There are 4 protein chains.
Amino acid sequence: MAGSNAPNENKKEKEAVIFDAACKVIRSKGFHQARITDIAQAAGISYGLVYHYFRSKADLFEAIQREWWQSLLNMMDVSDRKSISPEEKLADVVHYFLDVYENRPDMVHIFITEISRASSNLTPENLEWFKIFMSRTENIMAEAQSGRILRSDIRARYLTYIFLGGLETFLSTMVLENQPLKGRTQKQRIADAILEVFLNGARPKP
Amino acid sequence: MAGSNAPNENKKEKEAVIFDAACKVIRSKGFHQARITDIAQAAGISYGLVYHYFRSKADLFEAIQREWWQSLLNMMDVSDRKSISPEEKLADVVHYFLDVYENRPDMVHIFITEISRASSNLTPENLEWFKIFMSRTENIMAEAQSGRILRSDIRARYLTYIFLGGLETFLSTMVLENQPLKGRTQKQRIADAILEVFLNGARPKP
Amino acid sequence: MAGSNAPNENKKEKEAVIFDAACKVIRSKGFHQARITDIAQAAGISYGLVYHYFRSKADLFEAIQREWWQSLLNMMDVSDRKSISPEEKLADVVHYFLDVYENRPDMVHIFITEISRASSNLTPENLEWFKIFMSRTENIMAEAQSGRILRSDIRARYLTYIFLGGLETFLSTMVLENQPLKGRTQKQRIADAILEVFLNGARPKP
Amino acid sequence: MAGSNAPNENKKEKEAVIFDAACKVIRSKGFHQARITDIAQAAGISYGLVYHYFRSKADLFEAIQREWWQSLLNMMDVSDRKSISPEEKLADVVHYFLDVYENRPDMVHIFITEISRASSNLTPENLEWFKIFMSRTENIMAEAQSGRILRSDIRARYLTYIFLGGLETFLSTMVLENQPLKGRTQKQRIADAILEVFLNGARPKP
DNA sequence: TATGAATGAGCTTTCATTCAT
DNA sequence: AATGAATGAAAGCTCATTCAT
């Protein structure tokens with residue numbers, strides 16, 4: 001066994017260092033304002049070295065986006081495979097976002113400010129991920145409508161907007177005000193508020 | 001008769017032309033990527049002239065933000081003075097956003113992508129406006145809680161997030177997918193969906 | 001008689017207003033930093049009007065230089081025609097500069113900072129005036145050497161430099177420190193110091 | 001052996017190349033007219049590189065001024081430490097200027113046209129250097145007055161003006177007419193003329 | 001005469017990217 | 001792997017000058 005210093009492993013590690021530094025800088029300055037110099041400085045390396053690991057600044061940003069979407073959709077795959085109820089699937093989504101916010105707040109910040117909104121960053125690839133995520137959430141809504149858990153006189157797509165909107169605005173405000181998530185209890189309370197209001201609000205009329 | 005060509009009026013008109021051109025360009029490229037050249041071209045003037053009407057690019061962007069916030073808060077003033085119920089006040093907010101989206105979609109787009117989210121654009125002045133808007137919406141929520149229209153076991157601030165979040169995500173998606181608002185009916189349906197789910201979802205338990 | 005408002009007189013007056021305003025602005029910012037807008041503002045007119053009276057910014061500056069040199073050389077003509085002694089001619093030069101400094105300090109300032117030194121302003125025409133002035137002063141020196149008033153073992157040209165240098169540095173310091181000339185007595189004292197040191201220092205050995 | 005190509009040395013060398021190129025360009029066009037492009041071209045590098053070594057155009061100009069004043073005041077320190085007579089100290093000043101003119105005529109040119117006169121370039125720092133230089137020269141004059149070498153009925157400050165004025169006008173004319181200093185003899189002759197006329201002219205009456 | 005809107009060349013500065021070492 | 005010197009395209013802003021009114 002080559003040990004933890006195998007060349008390939010080193011490479012991955014350094015790549016991760018640059019990746020994290022990039023997230024940190026992009027979070028505070030926005031993608032277009034983040035300079036390679038800033039990222040290199042944050043990573044503690046020379047700026048020339050960034051180009052050994054990433055083809056270009058755009059490439060680095062694409063890697064961040066890809067990482068975000070793959071991780072999110074992977075969670076939805078797992079959630080699907082557990083073949084749980086629609087309510088639990090929605091709860092999984094909410095908890096996933098809150099967990100990532102707790103562990104990698106930069107990623108959520110970038111998603112909120114640079115990926116989910118800024119249309120100037122909308123590469124065709126990114127838009128594709130976006131649509132997939134929306135349509136998978138819409139599927140959960142449709143499933144819930146079939147099971148009479150959610151009212152059917154509002155389009156599944158509209159319900160999707162309302163649900164993700166509440167979640168996003170919560171995150172957005174925490175992100176903009178730099179609020180840390182204080183422990184399990186607060187996370188649970190927020191998750192409950194979002195889920196309860198939505199499920200309650202969209203419950204079919206008896 | 002002074003006619004419609006009084007010099008001052010001309011000046012205001014040209015300023016508006018540049019303002020609108022700037023909105024259009026900022027909408028499609030984002031603020032930092034919008035070049036003065038683009039704006040001038042969109043306005044059909046030479047770029048030097050932009051500086052006749054606006055001190056700098058930042059000044060132009062500030063003017064757009066100021067216009068947005070003043071118009072929004074003005075609507076809330078009017079809504080307040082009508083001394084209507086909290087539900088009607090929330091309906092006013094929803095309809096205001098949908099109306100602006102119908103008439104000046106660029107403004108809503110910029111609000112969604114550049115003002116409400118991008119923290120790198122957060123001037124202290126802008127943050128101030130933001131807080132005022134949030135706190136005025138929170139007041140409506142508190143008022144509704146007092147009147148037993150909304151449940152009181154969720155903080156007024158959380159209710160604010162959930163409400164504005166749904167609205168924003170609707171707009172955001174329409175904005176990102178360039179969906180036009182097709183007439184009064186669709187606008188009403190969307191408004192109803194947002195309001196009903198929210199009011200229903202946050203109604204006090206009997 | 002048309003009175004003081006004859007059109008031509010008006011034109012001359014306005015021209016003089018612009019001229020003086022230009023001197024004031026050029027004095028404080030230097031020629032290249034002086035903007036037409038500044039000059040127009042100082043003159044209390046619109047900037048477009050400057051171009052009715054002067055072909056261009058360079059033209060305006062040339063007018064100022066011409067005015068300076070013509071006035072100076074005119075004084076030397078008068079001094080020559082009085083057929084006075086070389087000492088008196090040198091005294092005339094010193095007093096002329098001090099008088100102009102008292103009445104039109106801007107002109108002296110511009111001469112010191114923009115005309116006599118800055119080689120980047122040296123138009124061929126300006127250089128011509130300069131040489132004429134130098135050579136006429138040199139003539140006075142030569143005349144004084146012939147009359148055994150000044151020593152002959154130092155070239156007349158060198159004496160010219162030393163003489164004008166002392167005068168210029170006096171003016172330069174007053175100009176840079178914005179010292180006003182306080183009355184006849186101070187003017188006389190300065191003139192005496194310059195003249196005495198020079199004449200004494202350059203007196204032939206007995 | 002590290003050799004002459006140690007990285008730090010290279011850096012200093014390149015910085016010096018840019019510095020000299022800047023002097024050359026500023027000399028011929030004046031500071032405000034000197035473009036970064038000109039300087040880069042004169043230095044044989046791309047203009048982007050200028051910003052690698054100097055923060056800005058103003059920074060580059062400040063470096064030139066600092067170099068000038070530090071070198072000049074350093075000479076005066078050395079001259080003081082030799083504890084020589086006031087006459088010799090004045091001679092040191094004159095020879096210093098003539099030496100620099102011989103070896104680095106650009107520096108003298110810039111001093112004459114851009115530093116010593118142009119009030120639009122007068123940064124507070126520059127003004128401070130200026131005052132120090134003036135007051136140290138004045139000290140020499142006062143010392144000479146105490147020792148009965150110079151007359152005391154003219155203020156030491158006035159004597160300073162007259163002395164530096166002669167020197168400056170010499171240099172100024174050589175500079176403006178691009179006269180090269182032709183060897184030791186001419187330098188000595190000029191120095192003698194300046195010193196002799198001044199010391200003679202300002203000698204106390206017997 | 002008088003105004004100031006309009007133009008665009010020209011300049012400084014930034015920064016992604018390349019490449020020699 | 002790693003550095004940072006070097007390049008130059010690109011963008012913001014200024015301001016002399018023109019011209020319609």
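The model is predicted, so local features need pLDDT of at least 70 and side-chain atom pairs count only at pLDDT 80 or more, while totals for chains, interfaces and linings use all residues. Residues are numbered from 1 along each chain as its sequence is written, chains are lettered from A and ligands numbered from 1 in the order in which they are written, and side-chain values use heavy atoms, with hydrogens and water left out.

**How the two copies are related**

**The interface**

Counting contact as heavy atoms within 4.5 Å, 46 residues of chain C touch 47 residues of chain D. The copies meet through the same surface, because 100% of the interface residues of chain C are also interface residues in chain D. Here are the chain pairs discussed, side by side:

| Chains | Value |
|---|---|
| Chain C and chain D | about 3,600 Å² buried |
| Chain A and chain C | no touch; nearest C-alpha atoms 33 Å apart |
| Chain B and chain D | no touch; nearest C-alpha atoms 21 Å apart |

Buried area is the accessible area (1.4 Å probe) that two parts lose on being put together, summed over both. Of the area that chain C and chain D bury, 59% is on carbon and sulfur atoms. In chain C, Arg117(C), Tyr161(C) and Val197(C) lose the most area to chain D, together 19% of what that side buries.

The rule finds two salt bridges across this interface (a side-chain nitrogen of Lys or Arg within 4 Å of a carboxyl oxygen of Asp or Glu). One of them joins the side chains of Arg151(D) and Glu196(C), at 2.6 Å from N to O.

Which helices of chain C each supply at least two residues to the side that touches chain D? They are helix 1 (7-29), helix 6 (105-115), helix 8 (156-176) and helix 9 (183-201), where helices are DSSP runs (H or I, at least four residues) numbered from the N terminus. Helix 8 of chain C gives the most, with 14 residues.

**An annotated span in chain A**

An unreviewed UniProt entry lists residues 12-72 of chain A as "domain: HTH tetR-type"; such annotations may be inferred rather than shown by experiment. In the model, this span is 80% helix, and its end C-alpha atoms lie 21 Å apart.
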